[in-house]
Number of protein chains: 2
Amino acid sequence: MAKDMKVALLLDFYGDLLTDKQRDSLDFYYNDDLSLGEIAANLGISRQGVRDNIKRAEAVLLDMEERLNLAAKFAEIKQRLASVRNALDVIDQRNIRIYRSNEINESIKLILSELDRLDKLNE
Amino acid sequence: MAKDMKVALLLDFYGDLLTDKQRDSLDFYYNDDLSLGEIAANLGISRQGVRDNIKRAEAVLLDMEERLNLAAKFAEIKQRLASVRNALDVIDQRNIRIYRSNEINESIKLILSELDRLDKLNE
C-alpha cells in the first residue's frame, strides 16, 4: 500500500463522509504515520480490518473528489488569493512611498481583512 | 411537499452525488417547476416514484450540506469577494481622478481578473 499524500489532503475535505473507524484508520495511517499493526491495536480491530477500512475510505475520498472537485477548487482559490495579495502589495507600497492617501490605505486594510477571512475559510 | 429553495441551491453543489432519476426529479421539480404528474410522465415512473425520489434526494442534499457545509462556505466567499471588489473600486476611482498611477492601474486590473475567475469558480 503506497502512501498517497493526496489522500491526506482529501481527508480534510471529505473526512466527515467516512465512518469513525475509516476516518480514524486513515488519520492514524497518513497523519500519525502509524503501522497497520499499531492502528489495529488502537482501534481494537484486526490488521486486515484496518487494511479494509483504509482501502474503502481511500476509494470514498477519491470518488468524492472526482464528483465534487473540492480540493482542486480550493487549491485554485488559494493560489488566486495569493496573487490578489501580491498585486495589492504593489498598490500598498506605491501608496506608502508616493501618494500617502488615507482613503487608499483604508481600502487596502479592508481588502486585507477580507483576504485573511477568505484564507481561513480555505484552510 | 413545500418547495424549499435551499434545495435548488444545494442541487448545484451536490447534484453529482445523486442518481440520475433523483437529480432529474429534483431538477424538473425545482428548476422547471413541473408537477409530480408531469415529472412522472417525463421519466416513465410512477407519481409515487417521483415523490420518493424527491424525498430521498432532498435528504441526501441536506445531509451533505450538514457534513460539508459547502453552500454556506461558497455563499460567504461570494459575499467577501464582493466586498473586496467594492474596496478596490474606491482605490480605482481615487487613482483615476487624482494619482493616475499606471502601476496602480495595472495592479487593479490584475486583481479584477483574479476576482472574475474566483467568481466563476464560485458559480
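Chain A is divided into domain 1 (5-68) and domain 2 (72-121), with bounds taken from an automatic or database domain assignment. The centres of domain 1 of chain A and domain 2 of chain A, taken over C-alpha atoms, are separated by 37 Å. The model is predicted: local features need pLDDT of at least 70, side-chain atom pairs count only at pLDDT 80 or more, and totals for chains, interfaces and linings use all residues. Residues are numbered from 1 along each chain as its sequence is written, and chains are lettered from A and ligands numbered from 1 in the order in which they are written.

In chain B, helix α1 (residues 5-14) and helix α2 (residues 20-31) pack at an angle of about 135°, their axes lying 10 Å apart. Helices (H or I, at least four residues) and strands (E, at least two) are DSSP runs numbered from the N terminus; axes are lines fitted to C-alpha atoms, for helices over the stretch in contact, and angles run from 0 to 180 degrees between N-to-C directions. α1(B) and α2(B) are therefore oblique to each other, where angles under 35 degrees count as roughly parallel, over 145 as roughly antiparallel, 65 to 115 as roughly perpendicular and the rest as oblique. The crossing of α1(B) and α2(B) is left-handed, the near helix being turned anticlockwise from the far one by less than a right angle. From α1(B), B:Val7, B:Ala8 and B:Leu11 meet B:Leu26, B:Asp27, B:Tyr30 and B:Asn31 of α2(B), contact being defined by C-beta atoms, placed from the backbone, that lie within 7 Å. Five nonpolar residues, one polar and one charged make up the contact of α1(B) with α2(B); Ala, Val, Leu, Ile, Met, Phe, Trp, Tyr, Cys and Pro count as nonpolar, Asp, Glu, Lys and Arg as charged, and the others, Gly among them, as polar.

Helix α4(B) packs against both of these helices. With α1(B) the angle is about 75° and the axes are 10 Å apart, which makes α1(B) roughly perpendicular to α4(B). B:Val7, B:Leu10, B:Leu11 and B:Tyr14 of α1(B) form this contact with B:Glu58, B:Leu61, B:Met64 and B:Glu65 of α4(B). Its residues comprise six nonpolar, no polar and two charged. Between α2(B) and α4(B) the angle is about 95°, with 8 Å between the axes, and these two helices are therefore roughly perpendicular to each other. Residues of α2(B) in the contact include B:Lys21, B:Arg23 and B:Tyr29, and those of α4(B) include B:Val50, B:Ile54 and B:Arg56. By class, the contact of α2(B) with α4(B) has five nonpolar, three polar and three charged residues.

The contact between the chains takes 26 residues from chain B and 26 residues from chain A. On the side of chain B that touches chain A, two or more residues each come from α4 (47-68), α5 (70-99) and α6 (102-121), and α5(B) gives the largest share, 12 residues. This side divides into 14 nonpolar, three polar and nine charged residues.

How values were computed:
Two residues are in contact if their C-beta atoms, placed from the backbone, lie within 7 Å.
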